[in-house]
Amino acid sequence: MSTTLTKTDAAYQLCMSPQCAATFGIDEILTTCPECGNLLDLSYNWDQVAVPSSLRDFEARWSTRTNPLDFSGVWRFRELIPFAPEDKIVTIGEGQTILQQSDRVGQFVDVNSGNLHLQYEGLNPSGSFKDNGMTGASTHARMMGAKAAACASTGNTSASLAIYASTAQLFEVVVFVGSGKIAFGKLSQALDFGAKTIQIQGDFDDAMAQVREVCGQRSIYLCNSVNPFRLEGQKSTIYRVLEGLNWEPPDWIVVPGGNLGNSSAFGKALRELKELRLIDRIPRMAVINAAGANSLYELHEERGLRWNNGDVDDALIESFYDEMDRAERRASTLATAIEINRPVSLKRCLRALAITDGVVRQVSDEQILDAKAQIGGGGFGCEPASAASVAGAKQLRAEGVIAPSDRVVCILTGHQLKDPNATVAYHSSEAGAIDAKLSDAGVDSVAFPNRPVPVENEIEKILEILD
Ligand SMILES: *Cc1c(COP(=O)(O)O)cnc(C)c1O
Ligand SMILES: [Zn+2]
């Protein structure tokens with residue numbers, strides 16, 4: 001049914017392996033390259049797109065916000081994501097997110113005053129950055145006339161897909177989640193938005209493997225980040241970061257790494273902006289793993305795995321995963337959104353690290369939760385995974401990799417209310433009596449608890465506490 005487009009079309013799918021470089025039309029539903037099995041990217045013939053000559057030109061859309069495409073924090077940059085006819089775009093007002101400077105968090109990280117910025121993606125309609133991408137995937141699903149869509153998820157992807165399906169009413173949704181660890185804020189969203197929710201007896205990596213199989217067998221549209229249209233939407237975080245900095249690139253962008261879709265999209269966005277001469281300098285990127293789910297860290301920092309112009313050492317990856325399986329090692333962290341041991345966008349992320357002269361670090365759950373408390377104290381509520389960015393920035397600063405004078409942007413990927421249990425467990429912990437949820441996860445001290453104060457229901461007693 002599909003007609004394969006050629007490179008003369010403005011947008012096409014391109015195998016991410018430069019050694020293969022097979023191309024496919026955007027009217028084909030593919031999750032991997034049929035020739036070589038690698039993932040696909042969207043690619044553009046930019047000379048056929050009306051790209052503005054300066055990023056500042058996008059500011060004209062601030063005054064035309066009654067147009068839903070100009071209101072969207074993704075699609076007001078649509079010339080940089082040019083795969084969709086405007087009448088097919090599915091938007092629910094995603095990307096109304098803010099970049100804010102925080103000296104409180106800056107002091108914690110130990111950079112100079114004015115240099116630490118938080119990009120708060122928790123303000124998206126479903127409370128995480130996943131909406132930036134899901135508007136892209138939903139748009140392509142609509143272009144293809146898909147009747148059903150699915151994803152595997154640690155929680156936020158399913159919440160996001162569910163909100164798009166329920167708002168757009170264009171397709172049915174099935175979400176696959178693992179058992180046990182899903183944060184209740186996220187599960188409650190999938191259920192409330194009416195998605196068929198399948199809880200597999202396994203973890204995210206198991207759910208991911210099953211959903212790929214199911215989508216293949218039943219022709220269901222797959223919305224995980226293997227989907228290149230999703231990654232296109234996720235590029236927009238970078239555009240908004242630049243916008244928030246008056247179009248001046250920062251020195252560092254620090255992002256948590258789970259399935260590695262976001263970091264991959266960031267690298268692609270930055271490379272494209274540089275090639276289009278819309279920025280003159282590419283910031284460095286730091287991708288932060290949780291220590292309990294640190295495949296990227298292990299491979300990139302400990303074993304020297306590199307993008308190597310697309311000639312990636314597959315044998316090294318395979319032997320690492322074999323080792324992991326033999327040791328029966330499963331991903332384990334309180335930062336459930338990044339509790340992933342087999343990141344599907346691993347190679348894309350290696351490429352992004354090459355583009356950005358990037359680094360990878362791992363941080364413990366203790367570091368993550370302490371950073372989260374500092375972020376909260378600065379007025380930004382985020383979920384544990386998001387705080388890995390700030391914990392990672394602090395570590396890189398302590399190592400001297402980040403300088404005090406560097407301008408640093410940490411991405412806060414998801415909202416605080418996604419996982420209130422983690423927050424309450426942290427703040428309720430007494431010294432020497434850490435909440436069971438935390439101690440089970442190996443956290444045995446908390447640095448910044450704000451403990452609730454129990455008191456009898458008597459005014460005298462209450463006043464005593466306040467004195
Ligand atoms: C999905 C998610 C991540 C991980 O992003 P990847 O693109 O999978 O690396 C981090 N934080 C939150 C809140 C998420 O929802
Ligand atoms: Zn290929």
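1. Cysteine 36 is partly exposed, with a relative accessible area of 35%, whereas cysteine 15 is buried at 3%; here buried stands for under 20% relative accessible area, exposed for over 50% and partly exposed for what lies in between, with a 1.4 Å probe and protein chains only. The model is a predicted one, in which local features need pLDDT of at least 70 and side-chain atom pairs count only at pLDDT 80 or more, while totals for chains, interfaces and linings use all residues. Residues are numbered from 1 along each chain as its sequence is written, chains are lettered from A and ligands numbered from 1 in the order in which they are written, and side-chain values use heavy atoms, with hydrogens and water left out.

2. Cysteine 15 belongs to strand β1 (residues 11-15) and cysteine 36 to the loop between β2 (23-24) and β3 (40-44), so the pair ties together parts that are 21 residues apart in sequence; strands are DSSP runs of E of at least two residues, numbered from the N terminus.

3. The protein is divided into domain 1 (11-48), domain 2 (98-126 + 230-422) and domain 3 (130-226), with bounds from an automatic or database domain assignment. The centres of domain 1 and domain 2, taken over C-alpha atoms, are 26 Å apart, and their contact (heavy atoms within 4.5 Å) takes 10 residues from domain 1 and 14 residues from domain 2.

4. Between domain 1 and domain 2 about 970 Å² is buried, with carbon and sulfur atoms giving 53%; buried area is the accessible area (1.4 Å probe) that two parts lose on being put together, summed over both. On the side of domain 1, Met16, Leu39 and Trp46 lose the most area to domain 2, together 46% of what that side buries.

5. Across this interface of domain 1 and domain 2 the rule finds 2 salt bridges, each defined by a side-chain nitrogen of Lys or Arg within 4 Å of a carboxyl oxygen of Asp or Glu.

Key. Helices (H or I, at least four residues) and strands (E, at least two) are DSSP runs, numbered from the N terminus.
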